[in-house]
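Opening the notebook on this one. I'll jot down what I look up as I go, starting from the inside.

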Amino acid sequence: MAKFRRAMRMNRPGDFTRVFRQGKRFGGGGLTIIALPSSVGHPRLGLAIAKKHLKLASQRNRMKRLIRESFRQHQASLDSMDIVVLSRPDISQRDTIQIRTALERHWLTVVTQWQNS
RNA sequence: UGAGAUGGCCAGACAAUCGCACUAAUUCUUUUAGUGAGGAAAGUCCGGGCUCCACAGGGUAAGGUGCCAGGUAACACCUGGGGGACGUGAGUCCACGGCAAGUGCAACAGAAAGGAUACCGCCCAGCAUCUAGAAUGCAGGGUAAGGGUGAAAUGGUGCGGUAAGAGCGCACCGCGCGGCUGGCAACAGCAACGGCAAGGUAAACCCCACCUGGAGCAAGACCAAAUAGGGGAACACAUGCUUUUAAAGCAUGGCAUGCGGCCCGCAUGGUUCCCGGGUAGGUUGCUUGAGGCAGAUGGUGACAUCUGUCCCAGAUGAAUGAUUGUCCACGACAGAACCCGGCUUAUGGCCAUCUCAACUU
């Protein structure tokens, strides 16, 4: 049962700054991912979609929903990690399928990166 | 059929699986059920409610509104009416008070541009000349018809009149003025009078009438860690005095630690509890409302009243999504953030009524 509960959201400014300072960065396909292991016991997701990159509110909402849905489906493979997803300027040119495949690739990278280190 | 005008409606549908927010029940941490963005949620341009602050009354300033009547909680909105402009028409558009209070503004042209003006003309009479005339020249007067300039030249057209002309006179039109009639009013109509009145611009200053206190849900209310600091109380410490079996009361401010060999001096300050302010954070405000739907009544209408019925998002790093299948006209603009009424802008489609043009029967 793959759910996405309130606890799986990062909503404190402190959590964000911790991930920004110490997390590992990688990206592509219009997105940047920053990941950092945490002690919470389950994965957590933080979103930062810039108004500059997606001008309309409906577009930003749609992007957040896509990312959350993908995170929900892949959360089993991600252990206790804090992950922040950032938008990039070229995000407006990507369609739904491109975003989804890019996210799946990124989740895989997060897992392998952390297992190696 | 084409080109338009006005008004209204819809915002892909259905099913399955997984997931999110809120509410209710179940219960004690899970299930089940219900509900879940818009016509513009947008721009934040007006008007209100609500909240806090300020406030006797009046004036001034600043800003807004500006034909009339009505609707409304209110409006810059809406409805009906009047006037003007545009269109063959259905219809549409209009900041539509005052320039007879004052100040200002208008390139160039033109003789003259604000109680203006004689450049070319036209007319009159005078003098000179010789070619002796319907001539030319010079100086004077009359004139606003004609020409020319300009966005605009002191009403227009016609007739009379005159030396030539002129509202100088007359008719019609326009304008002004007071009156009568119709209308709640804006305004319209009518006959009369005045020979006619120095223009435009007030989204130029300004004048007149009317309206407006300020800030906004990050308003405001409540709960409240940790740390530092503020106020208070109790306990603990030393010394002296009094009473006393213990001990208690009163007064004083010492005292401890660090620097220092010591004094002086300098710096720091025990434990417990309470109080108030208040940060992080949380709760509330937060959705039942000038509410929707249906009907009746009144009104040309905006709308109002009554009856019945329904409960219809409330997130807060911010909920509506994903996948699959079927169908069609293959889905535009676009995402609530305290709530309503408008305006403006973006945008896919459908329907009804009406207008014009052409064609067919």
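Predicted model: local features only at pLDDT ≥ 70, side-chain atom pairs only at ≥ 80, totals over all residues.

**Core.** I started with the largest nonpolar core, which has 18 residues. Ile 33, Ala 35, Ile 83, Val 85 and Val 110 are the members that touch the most others in it. Next I checked which elements give two or more residues to this core, and got E2, helix H2 (57–74), E4 and helix H3 (96–116).

**Ile 33.** I picked Ile 33 out of that list and asked for its contacts, leaving aside neighbours within four places in sequence. Back came Phe 26, Gly 27, Ile 83, Val 85, His 106 and Val 110.

**Overall layout.** I then stepped back to the whole chain. Chain A has 3 helices and 4 strands, and from the N terminus on they run α-β-β-β-α-β-α. Of its 117 residues, 22% count as buried. I also looked at contacts with a separation of 6 or more: residues 24 or more positions apart account for 81% of them.

**Sheet.** In what order do the 4 strands sit in the sheet? I read E1-E2-E4-E3, in an open sheet with mixed pairing. Strand E1 (24–28) and strand E3 (44–48) are at the edges with a single partner strand each, so one side of each has no neighbour in the sheet. From one strand to the next, the twist averages 20°.

**Pairings, one at a time.**

- E1 and strand E2 (residues 31–37) run antiparallel and are joined by 5 bridges. Here I noted Arg 25, whose bridge partner in E2 is Ile 34.
- E2 and E4 are antiparallel as well, over 7 bridges. Ile 34 turns up again, this time opposite Val 84 in E4.
- E3 and E4 pair in the parallel sense, over 5 bridges. One facing pair I wrote down is Ala 48 opposite Leu 86 in E4.

**Strand E4.** Is strand E4 mostly covered or mostly open? Mostly covered: 6 of the 7 residues in E4 (residues 81–87) are buried. A reminder for reading the residue lists: side chains in a regular strand alternate between the two faces of the sheet. I kept that in mind for E2 and E4, which both give two or more residues to the core.

**Gly 23.** Now for the loops. Gly 23 is in the loop between helix H1 (13–22) and E1. I counted 16 C-beta neighbours inside 10 Å, so Gly 23 goes down as partly exposed. With neighbours within four places in sequence left aside, Gly 23 is in contact with Ile 34, Ala 35 and Leu 36. I also took the C-alpha to C-alpha distance from Gly 23 to Pro 37: 8.2 Å, for two residues 14 apart in sequence.

**Gln 93.** Is Gln 93 buried or exposed? I got 8 C-beta neighbours inside 10 Å, so Gln 93 counts as exposed. Gln 93 belongs to the loop between E4 and H3.

Definitions and conventions:
Residues numbered from 1 in each chain as written. Chains lettered and ligands numbered in written order. Buried ≥ 20, exposed ≤ 12 C-beta atoms within 10 Å, placed from the backbone. Contact = placed C-beta atoms within 7 Å. Pairing = 2+ DSSP bridges. Axes fitted to C-alpha atoms, helices over the stretch in contact; angles between N-to-C directions. Core = buried A, V, L, I, M, F, W, Y, C linked by C-beta atoms within 7 Å.
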